[in-house]
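Please open the structure in the viewer and keep the sequence alongside it.

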Amino acid sequence: RFLIFYHDILADMEFIIHMVLGFVAFKIGLEINIKELKTHGKAIIVTVLSESFLAVILVSFFIYMLTDNLALALVFGALAPASAPAGTIAVIDELKARGPLTKTLYSVVGIDDGLALIIFGLVSPVAMFLLSHTGNGIEVNEAFMSSFIDPFLEIGLSLLIGGALAVLFIWLTRFKGFHDKLMPFTFGMVVLITGMSKMIELSEILTCMIFGLITGNHKDSQQLKEIEEEDIGFILPLFYILFFTIAGANLHLSSVPQLGWLGLLYIIGRAMGLCGGAYAGATLTGLENKIRKYLGMGILSQAGVAIGLALIIKNNFQGIGPELESGITMGDHIGNIVFTTITATSVFFELLGPITTRLALRKANEATAEQDPVK
């Protein structure tokens with residue numbers, strides 16, 4: 001069998017995925033205007049909470065009705081809000097989209113992953129607790145506390161490091177040597193932040209987004225925004241090609257036939273939750289009609305964060321719960337099912353998400369590119 005990418009080659013190229021996510025998050029941060037966020041911040045937060053928690057509720061309900069396993073249902077529900085901002089931002093860049101829906105998408109995909117980590121930190125320990133009474137008490141308690149604390153610690157440290165390095169960046173740009181080389185300096189800072197995040201196991205998405213948010217809203221940030229549009233904006237399409245090539249090579253199409261009813265209900269529940277919740281939240285807070293109708297279509301992509309959380313589930317649930325006839329514990333069984341299903345559904349959502357995002361931006365009349373290949 002002829003293979004271009006072997007597993008060891010893909011592992012060595014993983015840093016490219018993290019670097020692209022870092023630059024995507026940085027771009028999201030730059031695009032978020034704090035003054036506008038103060039004006040519409042309540043509406044954005046309510047909408048994000050609505051779409052995320054409705055996805056949790058619907059996925060958990062559907063899976064529970066199918067399996068009658070509450071722990072399994074809660075785990076799948078906890079993974080539903082996690083999104084993949086790279087696909088959404090790539091489509092926005094390609095279409096040169098501008099308008100209220102585009103601004104809302106930037107804000108929502110930036111907040112989504114932070115909220116997804118919090119929901120995961122709250123829900124997954126409950127699922128572990130449902131299984132823990134028959135497991136090893138010490139190991140289960142340690143895993144329980146780790147699952148509950150780690151997401152909050154990760155978010156806090158991401159905010160702290162991203163904010164501190166943004167302040168350092170702004171201070172250094174006062175000096176002529178740094179100011180005159182703003183493009184390579186910015187590029188190097190984003191790479192540095194991404195590398196630091198991976199070294200200490202933080203979210204490069206949150207850290208780089210906070211870095212971009214603070215630097216982009218500084219009073220002297222206009223030159224940085226121009227550099228982002230002219231230089232970094234020119235580099236990003238190349239990064240997108242590398243990112244989606246490697247991401248596609250990591251997705252195993254052979255797992256798709258294993259989806260079955262479990263995967264199908266996860267897909268339906270997540271799509272209904274995100275789209276319905278986004279519509280309800282936007283309606284409740286009085287956002288524009290086109291935001292209500294099309295926001296949910298722009299946030300369906302799911303990949304890296306969800307797969308990473310599924311891997312955490314697989315590791316943390318080992319040895320927990322009653323032993324099954326197959327010789328493994330219920331925790332092992334749940335971990336295997338979740339990881340396989342999320343890997344398979346990510347193939348579907350990574351194909352569907354960019355398509356629905358493109359459709360949403362076109363329907364909202366915000367695709368301003370001179371030549372749009374979709375007719």
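Select residues 182-199, which form helix 9 in this predicted model. The helix has 18 residues and spans 25 Å from its first C-alpha to its last, close to the 26 Å expected at 1.5 Å a residue. Next, display the side chains of Leu 182, Met 183, Phe 185, Thr 186, Met 189, Val 190, Ile 193, Thr 194 and Ser 197, which are buried in helix 9. In an α-helix, residues three or four places apart point the same way, because there are 3.6 residues a turn. Just beyond the end of helix 9, select Glu 201, whose phi is positive, at about 60 degrees.

Move on to helix 10, residues 204-216, and pick out Cys 208 within it. Is Cys 208 buried or exposed? Its relative accessibility is 1%, under the 20% cut-off, so Cys 208 counts as buried. Leaving aside residues up to four places away in sequence, Cys 208 touches Gly 22, Ala 25, Phe 26, Val 190, Ile 193 and Thr 194. For a distance to check in the viewer, take Cys 208 and Ser 197: their C-alpha atoms are 9.0 Å apart, with a separation of 11 residues in sequence.

The next stop is helix 15, residues 330-363, shown together with helix 5, residues 85-95. Their axes come within 9 Å and cross at roughly 40 degrees; the two helices are therefore oblique to each other. The crossing is right-handed. To see the contact, select Thr 88, Val 91, Ile 92, Glu 94 and Leu 95 on helix 5, and Pro 354, Thr 357, Arg 358 and Leu 361 on helix 15. By class, these residues are five nonpolar, two polar and two charged.

Which residues make the contact between helix 12 and helix 15? Helix 12 contributes Leu 262, Gly 263, Tyr 266, Ile 267 and Arg 270, while helix 15 contributes Ile 337, Thr 341, Ile 342, Thr 345, Phe 348 and Phe 349. Colouring this contact by class shows seven nonpolar, three polar and one charged residues.

Definitions and conventions. Residues are numbered from 1 along each chain as its sequence is written. This is a predicted model: local features need pLDDT of at least 70, side-chain atom pairs count only at pLDDT 80 or more; totals for chains, interfaces and linings use all residues. Side-chain values use heavy atoms; hydrogens and water are left out. Axes are lines fitted to C-alpha atoms, for helices over the stretch in contact, and angles run from 0 to 180 degrees between N-to-C directions. Helices (H or I, at least four residues) and strands (E, at least two) are DSSP runs, numbered from the N terminus. Angles under 35 degrees count as roughly parallel, over 145 as roughly antiparallel, 65 to 115 as roughly perpendicular and the rest as oblique. A crossing is left-handed if the near helix is turned anticlockwise from the far one by less than a right angle, and right-handed if clockwise. Contact means heavy atoms within 4.5 Å. Ala, Val, Leu, Ile, Met, Phe, Trp, Tyr, Cys and Pro count as nonpolar, Asp, Glu, Lys and Arg as charged, and the others, Gly among them, as polar. The expected span of a helix is 1.5 Å times one less than its number of residues. Buried means under 20% relative accessible area, exposed over 50%, partly exposed in between (1.4 Å probe, protein chains only).
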